[in-house]
Amino acid sequence: MPKHNKDILDRLLAGISIRGTLVHPTTLFIFATSILIGSAIFLWERHQETIVNLEEFRLTQEKILLTPQPHWSKPNLKEMVLDQPNGKQASILDTELVPRTAGIMKQVGFVEQINSIEKSKAGLNIDVIYRQPVALVELSAVTMQNKWPAEQMNRTVLLPVDRNGVLMPESIGANLSLPWIAVLFPSQFEATWDQWPDERIHDAAAISSAFKRPLSELGIQRITTNQVDSNKSNLSPKPFELYSGSGTRIVWGNAPGKEVESEVSAIKKIRAIEAVVAQYGLLNEIDLGRIDVRSGKAISTGVSKTASKSGEPRLELK
């Protein structure tokens with residue numbers, strides 16, 4: 001049987017010749033089509049100004065439809081698109097316009113995601129999603145116990161992060177009513193527009209982002225955890241809590257998408273918190289002690305405790 005297969009293969013190969021392949025109609029068609037397309041592109045690039053009115057296809061800011069930039073964002077993305085590396089005026093007829101624009105958007109720190117980039121005779125349509133601050137990471141004597149400069153004990157640095165834990169410029173967070181992320185000894189960050197290398201900050205940002213309304217409207221001031229290990233590699237993970245500032249503390253649990261088997265989703269936790277606010281008022285105006293919403297119901301677990309009995313480092317929030 002193997003010999004028979006070999007004979008068939010030999011006969012097939014024997015019927016194929018280089019000359020026959022080169023003069024085969026399919027080969028000639030592919031060859032002619034490639035030359036035609038290549039010649040068309042070459043002639044277009046060299047003589048397009050004599051074929052159409054280039055001024056009609058000149059790209060201007062008015063012809064760029066861009067998702068409105070946040071008021072704090074710089075530089076002007078439309079100007080970046082129009083700034084051609086070769087010094088020529090940007091044109092809708094440019095075959096590299098879309099991929100070059102995509103490359104520009106990917107280099108902009110405050111652009112989180114590119115949905116689409118399309119060009120037409122009318123201009124260029126750029127649809128993107130911008131990063132938005134969802135919380136402020138607290139660097140202070142509270143979070144940097146025994147490591148905060150003595151001469152700056154009363155100073156607090158607040159650095160904004162987006163929903164993915166990406167560090168944003170400090171100036172963006174000024175005058176924003178956002179919850180503070182308070183974790184013990186946050187890992188050293190790399191640079192602006194890089195993801196903060198601390199899993200606790202990622203998780204806290206995700207919790208803040210899960211709320212569809214400002215947390216200040218519920219009376220929540222901080223998102224905290226006494227988890228010291230930033231990558232949660234120890235065997236006793238600590239739950240996240242929402243701190244009001246009045247004594248009320250909401251035991252949230254794990255970040256959205258990381259819930260354990262006995263833990264409900266973020267949506268159900270938020271509903272339980274909103275029910276408490278609807279019944280008692282803003283959380284920062286009352287002291288309800290410690291309330292656990294991990295089951296989807298607001299369960300009182302007693303007064304809020306801040307002192308440590310085990311000797312482990314804890315956040316001392318006041």
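Helices (H or I, at least four residues) and strands (E, at least two) are taken as DSSP runs and numbered from the N terminus. The structure is a predicted model, in which local features need pLDDT of at least 70 and side-chain atom pairs count only at pLDDT 80 or more, while totals for chains, interfaces and linings use all residues. Residues are numbered from 1 along each chain as its sequence is written, and side-chain values use heavy atoms, with hydrogens and water left out.

An open sheet of mixed pairing is formed by eight strands, in the order β5-β4-β6-β7-β8-β9-β10-β11; two strands count as paired if DSSP finds at least two bridges between them. The edges are held by β5 (157–161) and β11 (299–300), each with a single partner strand, so one side of each has no neighbour in the sheet.

P160 in β5 is the bridge partner of L136. Five of the five residues of β5 are buried, a term that denotes under 20% relative accessible area, against over 50% for exposed and partly exposed in between (1.4 Å probe, protein chains only). In a regular strand the side chains alternate between the two faces of the sheet. In β5, V157, L159 and V161 point one way, and L158 and P160 the other.

Helix α6 (residues 199–210) contains H202. The helix has 12 residues and reaches 17 Å from its first C-alpha to its last, close to the expected 16 Å; the expected span is 1.5 Å times one less than the number of residues. Its buried residues are R200, I201, H202, D203, A204, A205, I207 and S208, and their cover includes β4, β5, β6 (180–183), β7, β8 and β9. H202 counts as buried because its relative accessibility is 15%. Contact meaning heavy atoms within 4.5 Å, H202 is in contact with R163, N164, G165, Q195, W196 and P197, leaving aside neighbours within four places in sequence.

F211 lies in the loop between α6 and β7 (222–225) and is buried, with a relative accessible area of 6%. Its C-alpha atom is separated by 8.2 Å from that of I267, 56 residues apart along the chain. With neighbours within four places in sequence again left aside, F211 is in contact with L218, L242, W252, I270 and I273.

A nonpolar core is a set of buried Ala, Val, Leu, Ile, Met, Phe, Trp, Tyr and Cys residues joined through side-chain atoms within 4.5 Å. The largest such core has 35 residues, of which V161, I181, F211, L242, W252 and I273 touch the most other members. At least two residues of this core come from each of β4, β5, β6, α6, β8, β9 and α7, and α7 gives the most, with six. Apart from this core lies another, of 24 residues, including I64, A90, L93 and I172.
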